[in-house]
Structure formats: structure tokens, C-alpha cells
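Visitor: I would like to go through some of the labels attached to this model and ask what each one rests on.

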Amino acid sequence: MAKKGILLLLVAGGFLAFTADDYDLLTFDKIALSDTFYAEGANFGDLNQDGVMDLIAGPYWYEGPDFAKRHEYYTPAPFDPAGYSDNFFAHAYDFNKDGWQDIFIIGFPGQQATWYENPGSTQGPWEPHVVFEAVDNESPAWADLTGDGLPEIICISNSRYGYVEPDWNAPARSWTFHPLSADGGWQRFTHGLGVGDVNGDGRMDVMDKDGWWEHPASLAGDPVWVRHDVAFADRGGSQMYAYDVDGDGDNDVITGLRAHDYGLAWFEHVEQDGRTDFVRHLIMNERPEENRYGIVFAELHAIDLVDMDGDGVKDIVTGKRWWSHGAEGDPDVNPRAWLYWFKTVRNADGGGVDFIPYLIDDDTGVGVQVVAGDINGDALPDVVVSNKKGTFVLLQDRQKVTKAEWQAAQPKPYNASAAGGGR
């Protein structure tokens, strides 16, 4: 069930001078693992200790490298694409330190977080451990917020932002929520959340649509973190990132603007009159003329950030969450399930930053989680997705081409007078 993807760009030798060997095109081989709606997220890890990455999606894990053999780790229950699943985010992690990666699932907003214990060489059942009853926010993070080298759930609980931490000596017991904010009235369907070092002090901060919380010098006693108000997004997007987009030495912020509508932007970190400010730069919105290349799609409910082409700069991977609110709930009803990567290009002439859009596939999209990374061990980032279309892995490949072929594959700037549409 492999499908050859659209030819995409990699400039291996720079932007100013080229030889015949400099022209590489990225391709993606699409493998459809399932056409059934089980989950809104997927991930990968080596679950059977064979040194090869396996895929996790819904109630199954799929053995690499060809993913043809699947294993059930909880009882499968298909969902109607007009509704929702109870499996939103998947991660692989060895919780009990037995050398076997377990599977960690965060469910529908406001529902449980559960890790399933890898039976290892016994190949027995995967014992579930419910460790937290209600994870709020539609983009909870799984990251090392505290700086201890171990991950936590970053989310909302009881209307407060905070993090959920296990007792690592007994990770199957209930985990503890540590609030970092006051009660702000946030709830399980609040959109937009990110973890990153916003101010460059070496500590991880927390971002939401209205600003960011500054990680204090000490977490003892669960202090309320200092709040910095910034209008990043009016309704909230999905995953947010602190990253030096323009290469000037400080971290900027990347975010979707509305998870169930249009908008993608980066916010430039600037120092003005002794204070920190963020200047919005729109990448894409609801009209073709708002993107240099005329790209338009909505429902950016999942975003990943990865160096897709190996040039040392991270790129944006995102797409449309097809049927996010059913057949008639989208602002752009029933278009294709777009999946793109946007190449981040820092212009050496001081002309700002460009984001060149490359289509990965037009019938995959994203869920609430999209994960990009090297799945098949060839040092090239791949993409795995599970959503209402099914479960898919898109494996990156590259091929040498002529200059003419390379030029033909490049997205062209949008010409409003000549264009008949934005896609």
C-alpha cells in the first residue's frame, strides 16, 4: 500500500552556488497501516528491542521496519469519524526501568493518562496503569519541564496550568499535579500550549495563546510562576514552540492561531526600551494573498518542529485535521487532508525569514499530534500520523535531479491575477 509522495526540495550545497550534485529532491513514500479511526495521535519507539523503530497508533503497535505485523496492546474499538476517539497522544517511554519501552497514552481532553507496561520477552498482556484522571488542554506536552532529565505532563488541571509528575520509584501509582499558575478559568478544551526556553535563561518556560510563564529559579513549594502577557493567538492553536527562527540568538515563538480555523505565525523576539516584545509575522491565513505562495488550509491542530532537510535549521510540519468537528464542522468544509512541511529559510541579505511550503501528501492530514523523526534509521526525518482517515507513515527518501527538474519542483510565488485558487 505504498504511495510515492510529491517531489520536494532539499538544497544540499547552500543557496548561492550550485553544482549538478547539489540538486536533491525530497520524496515521501506513504504506507497506509489502517483506514480505521482509532486515534488522533501516533508515535514511534523500539518496543521489541530489535534495534528497529516500531510504530504506535491506537490499540496497536506495528513492527518495523515494514510495519506489516501489528500487535494489540489493548482491546480495539473503532470510532465513528463524525465523532471523537479516546486516544489523542501516544509516546514511548521506559517507565519502570526494565529496559523495555512502554506505551503512554493521553486520552480525550479531560480524560485519563495511562501507561501500558511492556511485557518484554514474555509477550504477555500489556498491563494498564492509570496515573492521572483528567488531563486538560487539547495540546498537553510530554517534556522535561523541571530540568531533572525526566519528562512530565504539562497541562491544565482544575483551571490551573502546571505539570504532572510521577514518583519515579513507583511510576504505576497516581501522579502528582504541581500548579504553576493561579486559577484562570481554563478548562479541558482550552487550545494552545508549548514548552520552551522563551527568555534564554536555560530553564524551560510554558506558553499559551495569551503569553508565557517564566520558570522560576526554584520549584520548591510549587510557586506561582511570573506571567508575561503576549497576544500570541486569539482563540488558541495547538503545539507552540520557542525557537530561534531568524538566527539572531534569541528564541522566537511559533504557533497556530486557531486550531479550528485558519492561521499560522511566528513571533519575533525583540528588545524595545528595556523590555521584551514579540512582533507577529504571518506565515499563512485564510486568504491566498496572506501566504507568499498562496497556500491556504485550516484546522492546524497539530504542529511539529524538526530539521526536515538537514540544513541545520528546524522546519514546520503541519496539516489539516480533517473532519475535526465532523462532516460539517470545519471552516473549509471537506477539502483535502493536507500535510505540509514549511522550509525555514533565513535570508542572508536581512530580508527576514521565508517559509517555503512543500506538500507531503493531500490525503493524510494530521490529528491532534503529528510526529516527525527518523523512523527507519536512514538519518532522514519521516512522519507518522493517526486520525480520522486512518494511520499512516510517510518515509522520506531523496534523489539526485537535474537543475531543470529541481526548478520545476519549487513552489512559485502567488500571483493573484493569475491564480484561480489558493492551494
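Visitor: Are Y38 and Y60 buried or exposed?

Guide: The model is predicted. In it, Y38 and Y60 are both buried, which means that each has under 20% relative accessible area.

Visitor: Why is the pair of Y38 and Y60 called edge-to-face?

Guide: A pair of aromatic rings is described by the distance of the centres and the angle of the planes. Rings pair if their centres lie within 6.5 Å, and planes over 60 degrees apart count as edge-to-face. For Y38 and Y60 the centres are 5.5 Å apart and the planes stand at 80°, so the pair is edge-to-face. By the ring-pair rule the count comes to 33 aromatic pairs.

Visitor: What makes Y38 and Y60 a link between distant parts of the chain?

Guide: Y38 lies in the loop between β3 (23-34) and β4 (42-45), while Y60 belongs to strand β6 (residues 60-62); the two are 22 residues apart.

Visitor: Which charged end sits over the ring of Y60?

Guide: That of R70, 3.9 Å from the ring centre; the distance part of the criterion is within 6 Å. R227 is placed likewise over the ring of W213, at 4.0 Å from its centre.

Visitor: What makes β8 and β14 edge strands?

Guide: The open sheet of 7 strands runs in the order β8-β9-β10-β11-β12-β13-β14, with antiparallel pairing. β8 (89-93) and β14 (176-179) each pair on one side only.

Visitor: How do you know that β13 and β14 pair?

Guide: Pairing takes at least two bridges, and β13 (residues 160-165) has 4 bridges to β14, in the antiparallel sense. V164 has F177 of β14 as its bridge partner.

Note on methods: Residues are numbered from 1 along each chain as its sequence is written. This is a predicted model: local features need pLDDT of at least 70, side-chain atom pairs count only at pLDDT 80 or more; totals for chains, interfaces and linings use all residues. Side-chain values use heavy atoms; hydrogens and water are left out. Rings of Phe, Tyr and Trp (its six-membered ring) pair if their centres lie within 6.5 Å; planes under 30 degrees apart count as stacked, over 60 as edge-to-face and the rest as tilted. Buried means under 20% relative accessible area, exposed over 50%, partly exposed in between (1.4 Å probe, protein chains only). A charge sits over a ring if NZ of Lys or CZ of Arg is within 6 Å of the ring centre and within 35 degrees of the ring normal.
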